[in-house]
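This report goes through one protein chain part by part. Look at the sequence and the structure first, then read on.

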Amino acid sequence: MAELPSGLLEACVVVGAPSDKLRDIYQLHQQGKLNELLLLEAEVLQVHAPPFVSKETNSSQSIGPAFSRVQRRRSFIKKKRRDRAAEALLNGETGNRSEVSSATEDISVPKDLDLIALPQLCFPGGLQLANEPREDTYHFLVFTDLFGNRTHGVVVQYYRASCQEGAVQNGHRWNASKCRLYTPFAVCVISKFPYYNALRDCLSCLLVQLRPARQADFEETIKEFSAKLSLVPLPPPGQLHVSFSLRPLHVVLPSKQDQESPVIDIDLHLPFLCFTHTTLLQVLSCLLQEQRLVFFSADWARLTLVAESLLLYLQPLSWQHPYVPVLASGMLDFLMAPTAFLMGCHISHFEEVAAETEELILVNIDDGIIQSSWSESLDLPAIPLAAAESFMSRAESLQLHYDLEMCHLGAGTDANALRCQRRDWQTRLNTQIQNITLELVVNIFRGVQDFLNHEHRVFNSEEFLRTREPADQSFYKKVLDTHIFHSFLRDRLNRKRDTFSHMEQNTRNHAQRNRAMTESPRRPPMSELSRTGYTNYTSPHNRLSKRLGASLPNLEQPANDTVSTITSNRPASFRKMTPDIGELNQMNLTTKPNPSVCLHRYHYLRGLVNTVSNRRLDALEDFQSLYKTDSDIFPSQMVKSLVDSLPEAERSQADKRSELKRLISRVKRDQERERACNGNGHEEGAVKRFQLPKKYMQMEEFVKCIQESGIVKDQGSIHRLFDALTVGHQKQVGPELFRVFYTIWKETEAEAQEVCLPASVLEHIEPSECVFKLSSSVKTSRGVGKIAMTQRRLFLLTDGRPGYVEVAQYRDLEEVKVSSAPFLLLRIPSLKLRVRGRKDAFEANLKTETELWNLMVKEMWAGRNMADQHKDPQYMQQALTNALLMDAVVGSLQSSKAIYAASKLAHFDRIKMEVPMMVPKTTSETLKHKINPSLELAAPQAVDVLLYTPGTHTHTHTHTHTHTLWVSVSGGKVMVFDASSWSLTHTCHVGNARLNCMLGVDKDQVWMGSEDSVIYIISMVAMVCNRQLTEHRAEVTGLKVAYSCSAEGSVMVWDVSTLQVSFKTTLCYMLHKRLKSHKIILVVYRCRADLVNSMIKCFRSAVHWSELLPREELWSVCVDSGEVCIWNIKDTSKPFHRVALQDCTGCYCMIKVKNQVWVGGVGRSSTKGKIYILDTERHQVQKELHGHNDKVTALCSAEDRYVLSGAAKHDGKIAIWKVE
């Protein structure tokens, strides 16, 4: 059975005093026997919840039993009235039989709504009659179930004259002027969404109707009010809001900024008015540390509004513990709960709570004071100083007073216009506050992702703590153990793209984004250490990114380091939709400048209305249209419920509509995938802390443990490390040996981080260099001092007054060997280096360290040569890792075999000795650089598709698109690189299938054709995929201009502005059966059929790639042929030219650049990839390039100046080639 879509109203409840108690009190009052007005026990008088239909109506097909909620609800009022009526009969009160018969009335209550505690919460200070009218008061409630789901309530208390009770008893109307007794009632509107201001406005409109209404009309008025609210649909995320009229006000439901953002319908600046900035930071610190907090105020409304604002300040972190912002006077025992909580009480209970309850944090909202229950001071760790100072500086600029800002305006005469003006001001202020508080959270937790292992879902908390300021350690130690931080980590491990991740990424400065990959993320550059020391380097503003791709050497390009902030999505005038079922279909939407945005929201709202109206198929069509144009706001759970509720007749009709059939199939696939994940025990919520092993480990366990520790991820390096640690004994690593190795590794890191070089030394090295290894003080041929090893050079740090003596840059070394130096009658082992361009060799008496330094320097030398020849900085990075692993192995083994064990890690030095490292001259001259998309992965992944998009600047908008490289790897994963620095900027997933092709469209979109038959559209501005084209019936194999083709032979021409198919055709079956490959069908569509048949006969298997050149030539290649066939479209009998590719067994990609054609394939004599460059005029091979260790699978051009090539999984790298 399907559920109704969530509307604004969940239930409307009326609470008041029992009628029999009121009757007795009124009689005593009339007789003058009532000395004081006592507190009465409140009870639920009425409950109104959707659907507002009787049993007869509900059983009819007009509403549909599939959406009935009545069958799943219990009747609370019915039972209560029956019990009271039965009790009255037993006591002999038989006069009013009509009241007994009313006990059979069926008033349904939502199953998730607990009415037991609601009367107390509606009257938290107690229900008391009054002798004179009192002002209406509002307050707000939050209900939390066992699963942490929250429901929100807005309550209005108002007083009615009790004389009307007398009128009913005496049979005539009482004179209201003689009545002196007033009875309080409470109306509580309950919603699943925190629309506090909107619901308060609704209740204000309700009171306007209730005041003149007769008592007999009281229930009907509230029921009609509830029915109206139940029909109000909620706005989808984005720029569209829902506005509706309840006389005399226009009520607006603001939308969420995006799917993951919360609804904000309160005044976020209230805590800034209540607390100083210092006190506000103390309260936020207590929330982050999950203390037991109690808020106090004389105003019940203020409790919830301030608490809700504070929790919104912490977004995207979410409070995980009990949350009751309003506690009635009879609920104070809740404060004895042993767990963390956030609750609110009346200020009158402050002394009582402080005296009787221990270990509470007491927050007096009215006085702006925070203290603990055990002392007047607060002895808890404060928020880190740098983040706190930045927050207070930003908060000083806030303009918090509306009247002060609007004092230049005249008096308004239109109440709704004034409300709209105030709402716009509040929206702007809320946006500013969100930005400031988000920046605070980012500054506190910046760099957390650098210590996560996504594959094993491990967070290395010890390493994270080491990068924090010493004064902030106590704060982080408490926060890291909280549920709120655990939930935050889970989102980071799931790579959630929320406001935190966007701001954290965009606030990294330009220099940090462009640092080379040869710099260790654990070792700060010496320039930073020398200026500020290590701890300040690791402050939130200066954290080194681990998500960098390999940077081009010495490449600097100025850029504006703009801070990504939350922007107000409220236009100057609201885009309104009146939720009228009869008018919604005829509504005309006129929005500027982008009508399609509003159209997507229109599909969403109309789908909701059709769902409520039981037009299931129409609703599914609306949601299918929404899915294609904006999947971000697609209500997947509602659609699943709709599909499950379809009866057989409607299911048959849906199967006849191709779009609906596809939507239903997609829903079923998603459900099967979810069941498969649950069946396999897949758990996305698990987060582990790294722990040292407690038992002996075989190879597989050792690999996992090393990867979790964050030391190294590459499996090849870990296998070599395992061999080194197990030299001379059984192939397993014990827990004690691993502990020693891990400790030495971390101690070496710490020692390097403590190195602080004077300015006289820093001027000789690059700003980005790091000291990774420092020897003991030794005698050398250039003086006495310590030898320092960076990623670029060796230098001597002289003793006494520190000075710099250059030893060698790795690329300049000619010889590295172990020698011996005479010392008295002994010969001391020494390290001897010969450097290009220097006559005298450098010699250092390293004594027992000589053999180790010999291994490390040789490995660094070999790595440098490999990096230079292959234009791949990762070789240097890996050589550096190997050298540091050697150092840790020697330190942990402490045996005669330690040096031999360390030699197992000399990977590049061994390659240098075993095979020649020379790269062919043609390749070396053409190859400019390499980047590795699989850098963070344990094993490389194949590069499936490459796309380069040039930078653009849109004058009508503030967005600037940089030069970008789009890389598709396995399973729909797309990596986005900044092409000015080749640094990784974004990672996104589009579906779960392999991508076959990509195309830049309309300067701000990238279309991606997938094996799952969908074309995914990514916005270059938002870097999200929220549009999909689903017209193809098989895998999409090619995209070009506005054309697309798929494996079943269909070719479609698209209208880019509307995303609709403007023309479609299909090739014959026998033809498309042989053309299931990239781009070929698009070319075939433009050629003659006889040419196609000739192509098919020419190759043994399917034609894999083709390019149609301007001279009416068609170039084609095949995966199992080492030749290029060139066809003339006018002569189709045979290829008029064949170009044989030397030592090639197959070709996988081809691209035209200037007057050249580049072909990517694989060699015959080896499995290494090759690129052939052919002249389009002479039809000859100009160059043969060797740049990959596996077949070349992707090629793309960067403005005809560079060609980028990607290789299969045994290589997984991208090479950048210069075009001549």
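## Salt bridges

A salt bridge is a side-chain nitrogen of Lys or Arg within 4 Å of a carboxyl oxygen of Asp or Glu. By this rule the side chains of Glu-1199 and Arg-1201 form a salt bridge, with 3.6 Å from N to O. Glu-1199 is partly exposed, at 37% relative accessibility, and Arg-1201 is partly exposed as well, with a relative accessible area of 47%. The model is a predicted one, and a search of the whole structure finds 37 salt bridges in it.

Side chains of opposite charge can pair when their charged atoms come close. Glu-463 and Arg-466 form a salt bridge in which the closest N and O atoms are 3.0 Å apart. Both residues lie in helix H16 (residues 461-466), three residues apart, about one turn of the helix. Glu-463 is buried at 5% relative accessibility, while Arg-466 is partly exposed at 28%. A network of salt bridges links Glu-463, Arg-466, Lys-746 and Glu-749.

## The chain as a whole

The protein chain holds 40 helices and 51 strands. Of its 1220 residues, 56% are buried. Its accessible surface comes to about 54100 Å², and carbon and sulfur atoms account for 50% of that area.

Among contacts in the chain with a separation of 6 or more, 62% are between residues 24 or more positions apart.

Asp-299 sits in the loop between strand E10 (292-297) and helix H11 (300-313). Asp-299 is partly exposed, with a relative accessible area of 32%. A polar atom of the Asp-299 side chain lies 2.9 Å from the backbone nitrogen of Ala-301. From C-alpha to C-alpha, Asp-299 and Asp-366 are 8.5 Å apart in space, and they are 67 residues apart in sequence.

Which residue forms a salt bridge with Asp-366? The partner is Arg-302, and the closest N and O atoms are 2.6 Å apart. Arg-302 lies in helix H11 and Asp-366 in the loop between strand E13 (361-364) and strand E14 (369-372), so the pair ties together parts that are 64 residues apart in sequence. Arg-302 is partly exposed at 33% relative accessibility, and Asp-366 is partly exposed at 32%.

## Strand pairing

Strand E5 (residues 137-144) pairs with strand E6 (residues 150-161) in the antiparallel sense, over eight bridges. Thr-144 stands opposite Arg-150 in E6. Five residues lie between the strands of this hairpin, where Gly-148 takes a positive phi near 85°.

Elsewhere, three strands form an open sheet in the order E15-E16-E17, with mixed pairing. Strand E15 (452-453) and strand E17 (688-689) are the edge strands, each pairing on one side only. Strand E16 (residues 458-459) pairs with E17 in the parallel sense over two bridges, and Val-458 has Lys-688 in E17 as its bridge partner.

## Buried positions

In helix H30 (residues 715-725), the buried residues include Ile-718, Leu-721, Phe-722 and Leu-725.

Asp-1175 belongs to strand E47 (residues 1169-1175). Is Asp-1175 buried or exposed? Asp-1175 is buried because its relative accessible area is 6%, below the 20% limit for buried residues. Leaving out residues up to four places away in sequence, Asp-1175 touches Trp-1115, Asn-1155, Gln-1180 and Gln-1182. The side chains of Asp-1175 and Gln-1182 are joined by a polar contact of 3.0 Å.

Methods. Residues are numbered from 1 along each chain as its sequence is written. This is a predicted model: local features need pLDDT of at least 70, side-chain atom pairs count only at pLDDT 80 or more; totals for chains, interfaces and linings use all residues. Side-chain values use heavy atoms; hydrogens and water are left out. Helices (H or I, at least four residues) and strands (E, at least two) are DSSP runs, numbered from the N terminus. Buried means under 20% relative accessible area, exposed over 50%, partly exposed in between (1.4 Å probe, protein chains only). Contact means heavy atoms within 4.5 Å. Accessible areas come from the Shrake-Rupley method with a 1.4 Å probe; for residues, only the protein chains shown count as cover. Two strands pair if DSSP finds at least two bridges between them. A polar contact is a pair of N or O atoms within 3.5 Å; within protein, one must be able to donate a hydrogen and the other to accept it, and residues adjacent in sequence count only if both atoms are side-chain atoms.
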